[in-house]
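Subject: Structure handover

Hi,

Here is the structure I promised to pass on. My notes on what turned up in it follow below.

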Amino acid sequence: MKISEIKDLFANTPIDKLNDVICSFSDDDRDGVKKLISSAYKRIDEHNKELARSFEMFRYERENDNAKYICGIDEVGRGPLAGPVVAAAVILPKECDILYLNDSKQLSEKKRNELFDEIMEKAVAVGIGMADEKVIDEINILNADYEAMKQAISKLSVRPDLLLNDAVTIPGVDITQIPIIKGDTLSGSIAAASIIAKVTRDRLMVEYDKMYPEYGFAKNKGYGSKQHIDALKEFGPCSIHRRSFIKNFV
């Protein structure tokens with residue numbers, strides 16, 4: 001086989017079959033093939049490391065295995081000057097095989113979108129809640145967070161037996177809760193919720209950018225970038241700005 005053909009074979013082979021392909025070319029002395037084999041071993045090693053990391057990400061879920069439905073809760077959008085706060089509630093299957101779950105901020109946009117689709121496909125249930133700028137201005141960002149989280153829980157198709165929350169305890173919820181500091185880096189369920197919330201909000205802000213292009217929402221997602229603040233000073237606020245957040249600029 002030509003090296004280009006072997007390269008395609010390695011690239012298209014599932015990770016669990018890669019050792020077989022490596023063995024079939026182990027006697028090939030061409031430098032190009034040796035490099036492909038070396039890269040394949042690295043790919044296997046990285047995959048094994050991710051399997052180990054992923055196993056550890058479900059430690060809290062395993063410790064509470066007596067609960068039938070364990071739900072991860074997280075939110076995004078506390079800090080922006082515009083747009084809603086978005087919360088997600090995600091119940092993953094007991095034997096979850098989704099790899100690379102992590103704090104959404106630590107993932108590339110491409111990886112977040114890939115994981116969003118996989119989570120939506122494989123999750124037992126997903127609920128999404130939002131609190132817009134009017135609610136944030138009326139009851140403050142923390143209480144708006146809680147409202148978005150409660151809304152997300154209410155939209156689940158099954159009732160969870162346990163909530164794993166990123167750092168907070170949600171008031172007014174009669175379900176057992178475990179707040180976990182930096183939970184989106186320690187729990188697969190919370191990480192999944194982080195990804196769903198982040199992708200949902202980012203896509204919403206891209207749509208708002210079409211309505212209010214001067215503020216650069218597609219890029220800054222409502223956060224206080226220089227372009228955003230300059231536009232605020234020049235054009236004033238639009239309908240989705242949080243009035244309680246922009247007093248220093250307008």
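Let me start with the cysteines. The closest cysteine sulfur to that of Cys71 belongs to Cys96, and at 13 Å the gap is too far for a bond. For reference, a disulfide is a covalent bond between the sulfur atoms of two cysteines. The cut-off used here is 2.5 Å between the sulfur atoms. A search of the whole structure gives 0 disulfides. Cys71 has a relative accessible area of 0%, so this residue is buried. Cys96 has 17%, and therefore also counts as buried.

Please keep in mind that this is a predicted model.

Overall picture

The chain has 250 residues, and 48% of them count as buried. Its secondary structure comes to 10 helices and 5 strands. The C-alpha atoms fill a box of roughly 70 × 50 × 25 Å along the principal axes. Take the contacts between residues at least 6 apart in sequence: 64% of these join residues at least 24 apart.

Helix H3

H3 runs over residues 31-57, which makes 27 residues. From first C-alpha to last, H3 reaches 39 Å, close to the 39 Å expected at 1.5 Å a residue. Its buried residues are Val33, Leu36, Ile37, Ala40, Ile44, His47, Glu50, Ser54 and Met57. What do the buried residues of H3 pack against? There are four partners: helix H1 (3-12), helix H2 (18-24), helix H4 (59-63) and H8.

Helix H8

H8 covers residues 188-211 and has 24 residues. Its end-to-end C-alpha reach is 35 Å, close to the expected 34 Å. H8 is mostly covered, with 18 of its 24 residues buried. At the start of H8, a side-chain oxygen of Ser187 comes to within 3.3 Å of the backbone nitrogen of Ser189.

Thr200 also lies in H8. Its relative accessibility is 15%, so Thr200 counts as buried. The side chain of Thr200 reaches the backbone oxygen of Ile196 at 2.7 Å. Setting aside neighbours within four places in sequence, Thr200 is in contact with Val86, Phe116, Ile128 and Met130.

Aromatic rings

How many aromatic pairs does the structure hold? There are 2. In one, the rings of Phe10 and Phe25 have centres 6.1 Å apart and planes at 40°, so the pair is tilted. Phe10 lies in helix H1, while Phe25 is in the loop between H2 and H3, so the pair ties together parts 15 residues apart in sequence. Phe10 counts as buried at 5% relative accessibility. Phe25 is buried too, at 12%.

Tyr215 and Phe217 also form an aromatic pair, and this one is stacked. Their ring centres are 5.4 Å apart, with 15° between the planes. Tyr215 and Phe217 are both buried.

Two arginines also sit over rings. Arg59 lies over the face of Tyr60, at 4.5 Å from the ring centre. Arg62 has its charged end over the ring of Phe55, 3.7 Å from the centre.

Positive phi angles

Most residues other than glycine have a negative phi. Ala167 has a phi near 80°, a positive value in a residue other than glycine. Where is Ala167 found? Ala167 is in the loop between strand S4 (162-166) and strand S5 (176-180). At 39% relative accessibility, Ala167 counts as partly exposed.

Lys182 is not a glycine either, and has a positive phi of about 55°. Lys182 lies in the loop between S5 and H8. Is Lys182 buried or exposed? Lys182 is exposed, with a relative accessible area of 61%.

Best wishes

Technical notes: Residues numbered from 1 in each chain as written. Heavy atoms only, no water. Helix = DSSP H or I, 4+ residues; strand = E, 2+ residues; numbered from the N terminus. Expected span 1.5 Å × (residues − 1). Buried < 20%, exposed > 50% of the residue type's maximum accessible area, 1.4 Å probe, protein only. Polar contact = N/O pair within 3.5 Å; in protein donor to acceptor, adjacent residues only side chain to side chain. Contact = heavy atoms within 4.5 Å. Phe/Tyr/Trp six-rings, centres within 6.5 Å; stacked < 30°, edge-to-face > 60°. Lys NZ or Arg CZ within 6 Å of the ring centre and 35° of its normal.
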